[in-house]
Amino acid sequence: MKTHINLLEGKILPALSALALPIMATSLIQMAYNLIDMIWIGKIGASAVASVGAAGMFMWLSNGLATLAKMGGQIKVGHALGAQKKEDAASYAQSSMQMGIVFAVFFGILSVVFADGMIGFFQLNSTQVIQDAKLYLMITCGLVIFSFMNQIFTGILTAMGNSRTSFIATGIGLVLNIVLDPLFIFGFGFIPAMGVAGAAIATVLAQLVVMLLFVYTIMKEPVLFSDVHMLQAPDITHTKEIFQIGLPSAVQSMLFSGISMVIARLIAGWGDAAVAVQKVGSQIESISWMTAEGYAAALNSFVAQNYGAKNTGRIREGYRLSMIVMLSWGVFCSFVLIAFPQVIFQVFIQETEVLPLGVDYLRILGVSQLFMCMEITTAGAFSGLGKTLPPSIVSITLTGARIPMAMLLGKWMGLNGIWWAITISSIWKGIVLLIWFLRDMKLTCSKRQTEGTEVA
């Protein structure tokens with residue numbers, strides 16, 4: 001079966017869809033990882049969900065480091081392949097992978113050594129919640145290298161036009177996680193019940209298997225990875241380029257996580273149940289943004305290769321078609337979250353005192369799904385051009401505005417005020433980034449036409 005898709009020639013929508021669908025499915029599988037954890041952990045109680053929610057914030061924070069290596073590597077590999085420079089593409093891939101390993105080891109050590117202080121930041125109320133959170137943190141973040149490498153492999157393969165491999169590997173990991181979660185959380189036979197720690201172990205083992213599947217696949221891949229030699233010193237110039245391109249996205253991701261941690265601390269003022277609501281609600285909401293990120297990853301590779309080949313008109317049309325698809329998805333997600341919040345939330349937590357809080361969360365966040373899809377898709381197009389700074393500026397500025405908005409609206413509207421602060425900022429991020437991209441694309445097209453470099 002064909003695994004590499006030609007992004008430089010032929011009809012645009014079929015090519016984008018063929019690349020995007022496995023990525024979107026992979027994103028949904030990743031979301032299913034998290035949802036399955038929430039379903040099983042939710043059966044222990046809201047306090048267990050709060051533990052995972054607090055520790056999971058640091059896993060989210062670590063993704064900023066993975067993003068630096070992944071984003072820079074994916075974009076530069078795409079540019080090099082579009083320009084028919086395969087040796088450079090292999091060098092970029094090697095540097096990206098080596099960078100990811102260094103970052104993962106560094107963050108893993110920090111997570112184990114400073115677990116007490118990291119969880120103490122949230123000022124959780126229950127001693128059991130705090131202990132469970134520390135265990136979950138030390139296991140998942142201590143062994144974060146598997147997650148990092150899976151993300152980097154996915155980015156590089158996507159830049160090559162191969163999204164099918166990631167889908168298969170991640171799907172196998174999901175099946176394994178489904179089997180291991182209840183066994184390790186509740187115990188079976190000789191396996192003791194390990195509660196929250198069991199969920200962490202199941203997740204890490206599934207990630208390990210996925211990484212091994214990636215390694216097995218790329219060892220047989222003839223196009224790019226045969227020229228990747230991990231024990232050789234990285235190309236300093238290429239490493240700097242990856243770092244420079246990936247840094248804005250990494251800073252954006254880590255600041256976004258940091259701001260979310262501050263918001264989580266504000267939420268904790270309403271009790272551990274409120275923390276659990278935010279954790280479960282964000283996982284449910286992730287069906288929208290993770291799907292959009294999957295499509296944006298495909299658009300990133302499409303734009304990167306065509307930018308390297310100087311196909312400006314093809315970039316413009318690819319973005320237009322992508323926005324039509326993703327805005328339709330955003331409208332659908334908004335409808336589902338606003339119309340059926342109770343039906344969805346009670347799948348995870350049935351406690352009567354928690355359920356109304358979850359319903360409010362989903363309805364309020366449902367308002368912003370369309371704009372969030374708009375922002376993510378546009379960020380993918382910007383990144384494909386190698387311009388990661390505009391999405392980062394918009395995201396950092398308007399996400400940062402959530403803190404004062406949450407404090408102000410929280411005093412006025414209670415816990416729902418915090419949810420509205422998140423929604424309002426998401427709406428503005430989508431609008432501002434769209435306007436910026438359209439203006440930037442108009443200038444880019446005019447410049448290419450003036451230089452006579454545009455390819456039909």
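Which residues of helix H16 (residues 402-413) are buried? In this predicted model, where local features need pLDDT of at least 70, side-chain atom pairs count only at pLDDT 80 or more and totals for chains, interfaces and linings use all residues, they are Arg-402, Ala-406, Leu-409 and Gly-410. Residues are numbered from 1 along each chain as its sequence is written, and side-chain values use heavy atoms, with hydrogens and water left out.

Buried here means under 20% relative accessible area, exposed means over 50%, and partly exposed lies in between (1.4 Å probe, protein chains only), while helices are DSSP runs of H or I with at least four residues, numbered from the N terminus. Seen down the axis of H16, the buried residues fall within an arc of 110 degrees, so they line one face of the helix; the arc is taken from the directions from the helix axis to the C-beta atoms. On the other side of H16, Leu-408, Lys-411 and Trp-412 are exposed.

The aromatic rings come next. Rings of Phe, Tyr and Trp (its six-membered ring) pair if their centres lie within 6.5 Å, and planes under 30 degrees apart count as stacked, over 60 as edge-to-face and the rest as tilted. By this rule there are 7 aromatic pairs. One of them joins Tyr-361 and Trp-419 edge-to-face, at 4.7 Å centre to centre with 80 degrees between the planes. Because Tyr-361 lies in helix H13 (residues 355-366) and Trp-419 in helix H17 (residues 415-451), this pair ties together parts that are 58 residues apart in sequence. Both Tyr-361 and Trp-419 are buried.

Note on methods. Helices (H or I, at least four residues) and strands (E, at least two) are DSSP runs, numbered from the N terminus.
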